[in-house]
Amino acid sequence: MPLWETIGIWLGAFLTLCIFSFLYKDNPFYKLAEHIFVGISAGYWATLEYHNVFRPNLWDPLTREGRLLLIVPFIMGLLLFSRFTKRFSWLSRWPMALIIGIYAGITIVGYGSGDLILQIHANLLPLWTDNWLTSLNNILLTVGVITGLIYFFFSKEHKGALGAGARIGIWFLMISFGASFGYTVMSRMSLLIGRVYFLLGTWLRLLE
Amino acid sequence: MRREIPIAICFLAGISFILEYFIPHQRILSVFETFRQWAIIVIAFAYVLGLANIVRVNYHVIQKKGRDWPYKIILVLSLFFMITVGIIFDILGIRSGGIAEGSIFNWVYYNAQYPLQATMFALLAFFIASAAFRAFRIRTFQASLLAVTAILVMIGRVPVGERLWGSFPDLTEWIMNVPQLAGKRAIMIGAALGAISTALKVLTGLERTYLGGE
Amino acid sequence: MEKLERLDRRIIFIFIFLSIAIPLLLPVNLDFSVTPPVQSFYDAIEELPAGSKVLVSCDYDPGSMPELFPMNVAVFYHLMSRDLKVITIQLWATGTLLAELAMAEVLEDFPDKEYGKDWVNLGFKEGREVVMVSMGTNIPKTFPSDSRGNKVEDLPIMQGVNTYDDIALFMNVSGGLPGTKEWVLQVQSRYHVKLGSGCTAVSAPEFYPYVQSGQLVGLLGGMKGAAEYEKLVQRPGTAQRGMDAQSVSHIVVFLFILIGNIAYFSVKGAKKRLKASR
């Protein structure tokens with residue numbers, strides 16, 4: 001194995017153990033690793049922005065291909081930094097408004113078609129079919145979605161029929177939260193498996 | 001005009017993204033396409049702004065010798081180290097510069113950033129177990145529904161569950177596809193309605209918190 | 001029981017570590033079946049004719065690597081083994097090097113596959129949903145060059161690839177935001193493409209509605225999903241290796257919940273009885 005690779009593995013193991021030391025208690029090794037992580041991550045993102053956006057999408061077309069209209073987004077981008085000055089900080093609102101407006105427009109279209117209309121459409125299911133289990137499942141899905149939505153309707157007090165609907169809705173929501181918790185445990189354990197695999201396998205070579 | 005112009009920009013930017021969904025005309029689409037390319041560039045600058053803010057905040061802590069100030073020096077040095085090897089070395093034509101395979105940048109990513117980030121998230125496994133032991137209390141019927149579902153999903157989703165009872169995975173799959181799905185769909189539809197109404201408020205200028213103070 | 005209720009959490013940490021380390025050191029290799037969402041994901045790729053172009057968006061970071069890297073590798077392996085053309089992009093900066101790493105691992109099994117002809121890494125692009133929508137109308141304008149600095153128009157694999165209509169299937173390996181949800185909302189619902197997802201187990205439950213509605217052709221959820229997929233493509237990897245540890249750790253967490261509740265209700269009952277006797 002090349003020397004640099006070996007040094008890399010030992011560095012990775014050292015940093016891993018520094019982070020794990022937090023489990024005992026907060027200590028200088030953990031703080032050191034934490035701050036190195038923040039610094040390296042921020043520097044990593046900035047470098048990738050330069051290589052993957054600034055150069056190919058702005059600088060090269062502007063300076064080498066003569067696409068002078070790109071001056072507009074360039075200036076808009078620079079205006080963002082005006083917020084560091086007291087006198088001209090109001091100028092940073094322009095590019096901020098552009099970004100917020102774009103995402104607001106995207107949200108309306110995306111959520112409207114993807115999460116609203118298509119999801120409602122997918123829940124329009126036949127409640128009576130040839131297969132009793134399919135019929136039961138469709139009934140449960142329909143009841144579950146409707147009562148779940150009733151629970152989130154807070155404009156009226158949950159009393160009477162609305163209250164009963166909301167209570168059934170909570171049961172379905174609790175089941176979905178329970179499933180989410182189960183999957184979250186699975187996810188967290190997987191992350192730890194990855195790290196232990198690295199320590200025992202790649203670093204200490206105890207695994208086949 | 002300091003508030004009116006940004007509100008107008010916000011409205012025009014948002015409405016253009018909505019209109020292009022309904023207008024398939026090629027000439028109009030190419031105008032929207034140009035706006036999108038500009039947006040990608042401005043959003044990239046926003047990330048660099050965040051980076052500049054990190055440097056600014058930590059510089060103040062170092063200057064005033066605030067809490068953990070020696071570590072802040074390491075933070076800023078690490079940041080500039082990555083920018084130096086990734087960008088400046090590349091511009092200067094230094095062989096190990098840039099982000100290609102075999103570069104210093106690459107090596108630091110694989111051997112420092114990757115283990116640090118992975119381990120940070122791996123800590124969560126310990127905390128979720130500790131939280132489950134200390135805080136997960138089955139006090140009500142609803143809590144018991146949550147607990148039973150969680151346990152059935154946790155055990156049913158792993159090979160040992162299938163070994164205990166051959167149909168365990170089928171039961172888990174049914175839970176995920178029927179009652180769980182119904183709850184998630186209700187949340188999804190509700191959240192979509194909320195997101196759309198908030199976005200409409202932003203576009204029409206009723207929601208202006210992004211503008212900050214005067 | 002009171003002592004048990006106030007158990008030092010570091011003892012819990014030790015149990016969790018052992019529940020993962022011991023199965024990794026002494027594997028049992030319990031078998032498991034493949035679930036329908038994973039099977040659908042696999043079938044969607046199997047249905048494609050050789051030479052079809054598949055876009056794989058690797059949107060994750062090292063924090064979710066244990067779950068997503070094995071499925072990234074398995075997906076690339078499956079695509080290469082079916083002679084499909086792979087176009088990979090990343091909407092997370094951290095995904096670029098991970099996608100390269102995954103492909104490097106797969107190319108050891110396919111040394112004849114050429115960069116630029118059989119696969120290409122267009123790299124990372126900032127903009128999240130804006131990039132997704134932008135690609136729908138003009139991919140070369142959104143990605144004028146690949147991750148290695150080559151002009152996209154010079155790459156054989158990108159000939160004839162201008163919009164989403166020129167891509168047969170979309171795969172998203174998703175570690176969070178932007179990820180599968182954004183691909184469904186901005187791309188699948190707008191352009192009606194075929195989209196499959198591999199995601200972390202945390203996100204998987206919320207994507208089941210998309211599978212049921214047909215917005216996703218298949219779903220790989222977490223390390224278990226990755227392990228099932230490795231089984232289908234017959235390429236055992238770290239996900240399958242981790243299943244024993246996953247099993248034991250889940251049982252340990254279940255036992256902690258059980259013991260925690262037993263201790264809580266015992267102490268509560270004892271306090272009640274003490275109060276009643278006074």
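Helices and strands here are DSSP runs, a helix having at least four residues and a strand at least two, and they are numbered from the N terminus. With that naming, the place of Asp68(B) is in the loop between H2 and helix H3 (69-92) of chain B. The model is a predicted one, and the account below moves from the chains and their contacts to single residues.

**Chain C and its domains**

Chain C has 12 helices and six strands, and its C-alpha atoms fill a box of roughly 85 × 40 × 30 Å along the principal axes. Of its 278 residues, 58% count as buried. Among the contacts in chain C between residues at least 6 apart in sequence, 73% join residues at least 24 apart. The domain assignment of this chain gives domain 1 (2-26 + 245-277) and domain 2 (36-241), and the centres of these two domains of chain C, taken over C-alpha atoms, are separated by 40 Å.

**Where the chains touch**

Between chain A and chain B, 94 residues of chain A are in contact with 102 residues of chain B. Helix H1 (3-20), helix H2 (28-63), helix H3 (71-79), helix H4 (93-122), helix H5 (132-151) and helix H6 (160-203) of chain A each supply at least two residues to the side of chain A that touches chain B. Sorted by class, that side of chain A has 62 nonpolar, 26 polar and six charged residues.

Chain C also touches chain A, with 44 residues of chain C in contact with 39 residues of chain A. The elements of chain C that give two or more residues to this side include helix H2 (9-25), strand E3 (119-124), helix H6 (129-137), helix H8 (180-191) and helix H12 (243-277). H2(C) gives the largest share of the side of chain C that touches chain A, namely six residues. By class, this side of chain C has 22 nonpolar, 15 polar and seven charged residues.

**The largest nonpolar core**

The largest nonpolar core has 202 residues, and those with the most contacts inside it are Leu98(A), Ile102(A), Val42(B), Ala125(B), Ala129(B) and Phe76(C). The element that gives the most to this core is H6(A), with 20 residues. Domain 1 (2-26 + 245-277) and domain 2 (36-241) of chain C both give residues to this core, so the core lies between them.

Leu98(A) lies in helix H4 of chain A and is buried, with 26 other C-beta atoms within 10 Å. Leaving aside neighbours within four places in sequence, Leu98(A) is in contact with Met76(A) and also with Ile9(B), Ala13(B), Ala39(B) and Val42(B).

Helix H3 (residues 36-46) of chain C has as its buried residues Pro37(C), Val38(C), Phe41(C), Tyr42(C), Ala44(C) and Ile45(C). Seen down the axis of H3(C), these buried residues fall within an arc of 155°, so they line one face of the helix. On the other side of H3(C), Asp43(C) and Glu46(C) are exposed. The buried residues of H3(C) pack against helix H4 (65-81), strand E4 (169-174), strand E5 (195-199), helix H9 (204-213), strand E6 (218-221) and helix H10 (222-232) of chain C.

**Backbone details in loops**

| Residue | Phi |
|---|---|
| Asp68(B) | about 60° |
| Asn29(C) | near 60° |

Asp68(B) is partly exposed, with 15 other C-beta atoms within 10 Å. Asn29(C) lies in the loop between H2 and H3 of chain C and counts as exposed, with 11 C-beta neighbours inside 10 Å. A further backbone detail in chain C is the cis peptide bond that joins Leu177(C) and Pro178(C), with omega about -5°; Pro178(C) lies in the loop between E4 and H8 of chain C.

**Confidence in chain B**

Chain B averages a pLDDT of 91, and 99% of the residues score at least 70.

Notes: Residues numbered from 1 in each chain as written. Chains lettered and ligands numbered in written order. Predicted model: local features only at pLDDT ≥ 70, side-chain atom pairs only at ≥ 80, totals over all residues. Contact = placed C-beta atoms within 7 Å. Nonpolar A, V, L, I, M, F, W, Y, C, P; charged D, E, K, R; others polar. Core = buried A, V, L, I, M, F, W, Y, C linked by C-beta atoms within 7 Å. Buried ≥ 20, exposed ≤ 12 C-beta atoms within 10 Å, placed from the backbone. Domains from an automatic or database assignment. pLDDT = per-residue confidence, 0-100. Arc of directions from axis to C-beta.
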